[in-house]
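Here's a quick tour of the model, from the overall fold down to the metal site and the pockets. Have a look at it first.

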Amino acid sequence: MSAVDLSAFTGLTAMVLLTLNILMGLLVSTNYNSVKQWPHRKLPWPLFRIHNWTGYSALAVAALHPTILLFSATAKFHIVDVLWPLASPGQRNYNILGALTFYAFALVGVTSYFRPKLGSRTWKKLHYTAYFGAAVMYLHGTLIDQNLKGEVPDFLDGEKVLVEACFLLVLGASIWRARYGSEKKRRAAARVSESV
Ligand code: HEM
């Protein structure tokens with residue numbers, strides 16, 4: 001396995017972890033209760049804690065993904081290309097999308113760690129950056145040529161299909177979450193007007 005293959009594998013792993021993390025975050029935001037709802041049993045740890053830890057682990061794996069490219073003779077990446085890929089070799093624009101992904105999720109992770117100091121309102125506004133991070137992550141993962149040959153990737157290739165499937169899953173879950181939120185508001189408003 002070459003360094004580029006290993007980097008692609010860690011990129012895909014980070015993306016899957018971040019996808020799971022977003023799905024769990026959406027569930028946490030609806031006050032999901034695993035005892036009252038499916039699977040009707042207690043989880044080994046509270047969902048909120050699992051959500052936090054998959055987030056931090058995903059960030060660590062995501063940092064490893066471009067770092068591995070430094071060990072590839074074909075990629076010709078230097079430290080500056082990983083941290084600030086404005087002049088990176090090969091697919092510069094798609095590398096920039098990768099860096100934007102990392103910095104967006106890093107902001108979400110760091111501000112979550114300092115949530116008690118920031119206060120819930122500020123923290124929540126900053127937490128929405130995760131949607132931006134997800135959008136650029138799926139663009140980066142789908143459009144980049146994993147063989148670094150600058151070719152248009154095969155969108156039906158197994159790895160690309162995994163990225164596309166994760167995107168559709170998060171898109172569907174976000175639409176469901178938005179509808180759930182408006183339904184909850186509608187019911188609360190109906191209760192208020194009934195009580196007047
Ligand atoms: C949270 C951050 C990131 C995630 C989740 C991520 C995810 C991915 C995914 C899913 C792929 C496609 C792999 C495939 O199709 O087999 C990929 C490829 C790639 N990414 Fe990222 N990426 C991130 C950050 C970065 C950064 C910061 C850079 C460089 C500055 C970068 C450079 C590349 C390159 C060069 C490829 C193609 C070659 C390879 O797979 O190593 N990525 N990334």
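This is a predicted model: local features need pLDDT of at least 70, side-chain atom pairs count only at pLDDT 80 or more; totals for chains, interfaces and linings use all residues.

## Overall fold

The C-alpha trace spans about 70 × 40 × 35 Å along its principal axes. Of the 196 residues in the chain, 35% count as buried. Take the contacts between residues at least 6 apart in sequence, and 60% of them join residues at least 24 apart.

## The iron site

Which residues coordinate the iron atom of the ligand? That would be H65 and H140, each through NE2, at 2.0 Å. The pair brings together distant parts of the chain: H65 sits in helix α2 (residues 47–68) and H140 in helix α7 (residues 129–143), 75 residues apart. The iron has six donor atoms, and with angles of 88 to 180° among them the site is octahedral.

Are these two histidines buried or exposed? H140 has 15% relative accessibility, so it counts as buried. H65 comes in at 21%, so it counts as partly exposed; the cut-off for buried is under 20%.

## The largest pocket

The largest pocket has a volume of about 860 Å³. It's lined by 31 residues, and the ones closest to its centre are G25, S29, H51, W123 and H127. Elements giving two or more residues to this lining are α1 (3–28), α2, α4 (92–113), α6 (120–127), α7 and α8 (158–195).

Sorted by class, the lining of the largest pocket holds 16 nonpolar, 11 polar and four charged residues.

## The second largest pocket

Next up is the second largest pocket, with a volume of about 750 Å³. Its lining takes in 37 residues, and G11, H65, P66, G98 and H140 lie nearest the centre.

Which one gives the most? It's α1, with eight residues. By class, the lining of the second largest pocket comes to 23 nonpolar, 10 polar and four charged residues.

Technical notes. Residues are numbered from 1 along each chain as its sequence is written. Side-chain values use heavy atoms; hydrogens and water are left out. Donors are N, O and S atoms within 2.8 Å of the metal (3.2 Å for Na, K and Ca); water is not among the atoms, so sites may look incomplete. Four donors count as tetrahedral if all angles lie between 85 and 135 degrees; four count as square planar and six as octahedral if opposite donors are over 155 degrees apart and all others between 65 and 115; anything else is irregular. Helices (H or I, at least four residues) and strands (E, at least two) are DSSP runs, numbered from the N terminus. Buried means under 20% relative accessible area, exposed over 50%, partly exposed in between (1.4 Å probe, protein chains only). On a 1 Å grid over the protein atoms alone, a cavity is a set of points where a 1.4 Å probe fits but cannot get out, and a pocket is an open set with protein on both sides within 12 Å along at least five of seven lines; lining residues have an atom within 4 Å of a point. Grid points are joined across faces, edges and corners, and a volume is the space filled by probe spheres set on the points. Ala, Val, Leu, Ile, Met, Phe, Trp, Tyr, Cys and Pro count as nonpolar, Asp, Glu, Lys and Arg as charged, and the others, Gly among them, as polar. Contact means heavy atoms within 4.5 Å.
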